[in-house]
Amino acid sequence: MIEKDKLKEYAKKLMFDMNEEEYETLQKEFDVILRQMDIIDKIPNLHEVEPMTFPFLLKDRSLRDDEVGDYLTVGEVLANTKHQVNDQVKVPKVVEE
Amino acid sequence: MITELRKELDEAKVSSEELFEEAVKKAKQEQDKYNSFVTIIDKYKIKRRADSILKGIPYALKDNISTSNILTTASSNILKDYVPVYDATVYRKLKNAGAVLVGKTTLDELAMGGTGTTAATGVVRNPWDSNRLIGGSSAGSAAAVALGIVPFAIGSDTGDSIRKPASFGGVVGFKPTYGRISRYGLFAFASSLDHVGVFTRSVEDAAIVTDVIKGPDGYDMTALKDDGKSYKNELNKPLTHKKLCYIKEICDVNEYKDSEVIKTLTEFHKLIDECKSKGFEVDGVSIDKKLLEAIYPTYMIISCAEATSNNANLTGIQFGPRGEGNSIDEIMFSARTKGFSELIKRRFVLGSYILQKENQEKLFLNACRVRRLIVDRVNEIFKDYDGIILPASGKGAPSFDKSSEQVSDQQVILENHMAIGNFGGFPSITIPFTFVNEMPVGVNITGRVMEDDIVLHIAKEIEDITGLKGMKAGDRHV
């Protein structure tokens, strides 16, 4: 079984936490999931196959012209945060005094 | 259905305002019981100068599609107060076509789920039986169409998120070729698998809506060039592509013990016989069982890994509820801890595990390799066949208390094969075909990439065979 501390480490890398009970559920779920993933290992000669990261090859791709289009105003960019100062999103000081 | 409403509007038997009022009234009436919507729009808004078949027709949009000045939450607390400042391309096209938005529909949080039970605003119930789920993630869109609130709704589909709830809801669910409809403004879940698609009550309506929303988009480099076809008009031509196959390993009745699954498959084979009598050629073909068993883990690995990365932008800093803390890291940590539900966190941790350096080769890259093997095999089948026909689900929608029950390995394949359509970007449609235990079950048809018109056309002919067109919840065709 995967160690709970490992799961905590992965969660913290993604910048969130869970409670102990949730980690325990996840630990049990991981067991099932890892068994499922073993199915993939049973497929022979996988190393010879090129990984597929896109559904199909897109032909005739060309970049669009580099023209100025619609853009967001400062007001629009800041519309979803109450924390703002001087037309910028306000966050705690990064450089410590 | 859209064609009927169009006629009534054109003959001035009803006004667009009246259709909107009626849809809003029904949406509100049914909301407490079924929870189809996150937001119901109060104000009638139409582009008066529009001139399209959808002008004046009410519709609903899944709440993971960006709508400027309209709350868009993806059914997650981390976006519970987010009001976008830009329109998704699909919404812009529908606005320009004069379609009238009735509401934003409930989904499994961030579209990551297949049950319709994980939205921050509560579970979505199945209009055919409120003790059952409708499936997800496009749960509210399926329910809104099945309830007859709107004639069409927009959804998104990463594994089967349109086509499975369509099966459970007794409606049509169509996911065209990857890139046929722009994904600009769709909140990304797993970018290499995400599609925008439609729910309707007939195949013709699915063609009509897709005609309006398909096409290239300067804001989405994966959007395809226009194929120049009217899918609606293509339906009126003779169908010359009538060679279908089903996958033997999935459809063998003897492999199952569940009586409802056996009933579904028995009805499925009857449908195949009827298709044959109507001029279709239908064969059983084989796919290595090992590959079929690998569909679900492959989907989980790729989708969780991509989701983990795509959702890194949800920090609560530029938008979403701000977390507490004395540093940027602390406020992000707090926002994400509070904003994501447990299920989403579990999927993200899985994604994180998969993407760890030591696991990338064994898990992520091997899943991507299996994806290729599956897609290659399906493309090989498409050299001989115009479409693959399979049950969209093994039985009707599960009840809420049975949704987490363990199913056999064989049934895991039956319930998850539609992810093939996402792996290869194939056009894929679910239409209702039978009732099992008084619940609708759909049949799924998947075709070659770019041949959206042919898939729709095949589905239309099968719809004529089943006679299950234009259904709303409550209609019984047992």
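In this predicted model, the structure contains 1 cavity of 30 Å³ or more. The volume of the largest cavity is about 80 Å³. Its lining is made up of B:Ile247, B:Val378, B:Ile388, B:Leu390, B:His417, B:Met418, B:Ile420, B:Gly421, B:Asn444 and B:Thr446. Three elements of chain B, namely strand 11 (387-391), helix 15 (420-423) and strand 13 (439-447), each give two or more residues to this lining. Sorted by class, the lining of the largest cavity holds 6 nonpolar and 4 polar residues, with no charged residues.

Attention can now turn to the nonpolar core. The largest nonpolar core comprises 171 residues, and those with the most contacts inside it are B:Leu94, B:Phe152, B:Ile154, B:Ile389, B:Ile429 and B:Ile462. Helix 10 (residues 289-310) of chain B provides the largest share of this core, with 11 residues. With neighbours within four places in sequence left aside, B:Ile154 is in contact with residues including B:Ala60, B:Leu61, B:Lys62, B:Ile65, B:Val90 and B:Leu94. Further along the chain, the contacts of B:Ile154 include B:Ser141, B:Val196, B:Gly197, B:Val198, B:Val209 and B:Ile213.

The two chains also meet each other: 52 residues of chain A are in contact with 68 residues of chain B. Between chain A and chain B, an area of about 5300 Å² is buried, and carbon and sulfur atoms give 68% of it. On the chain A side, A:Met15, A:Met52 and A:Asn80 supply 14% of the area that this chain buries against chain B, which is more than any other three residues.

Notes: Residues are numbered from 1 along each chain as its sequence is written. Chains are lettered from A and ligands numbered from 1 in the order in which they are written. This is a predicted model: local features need pLDDT of at least 70, side-chain atom pairs count only at pLDDT 80 or more; totals for chains, interfaces and linings use all residues. Side-chain values use heavy atoms; hydrogens and water are left out. On a 1 Å grid over the protein atoms alone, a cavity is a set of points where a 1.4 Å probe fits but cannot get out, and a pocket is an open set with protein on both sides within 12 Å along at least five of seven lines; lining residues have an atom within 4 Å of a point. Grid points are joined across faces, edges and corners, and a volume is the space filled by probe spheres set on the points. Helices (H or I, at least four residues) and strands (E, at least two) are DSSP runs, numbered from the N terminus. Ala, Val, Leu, Ile, Met, Phe, Trp, Tyr, Cys and Pro count as nonpolar, Asp, Glu, Lys and Arg as charged, and the others, Gly among them, as polar. A nonpolar core is a set of buried Ala, Val, Leu, Ile, Met, Phe, Trp, Tyr and Cys residues joined through side-chain atoms within 4.5 Å. Buried means under 20% relative accessible area, exposed over 50%, partly exposed in between (1.4 Å probe, protein chains only). Contact means heavy atoms within 4.5 Å. Buried area is the accessible area (1.4 Å probe) that two parts lose on being put together, summed over both.
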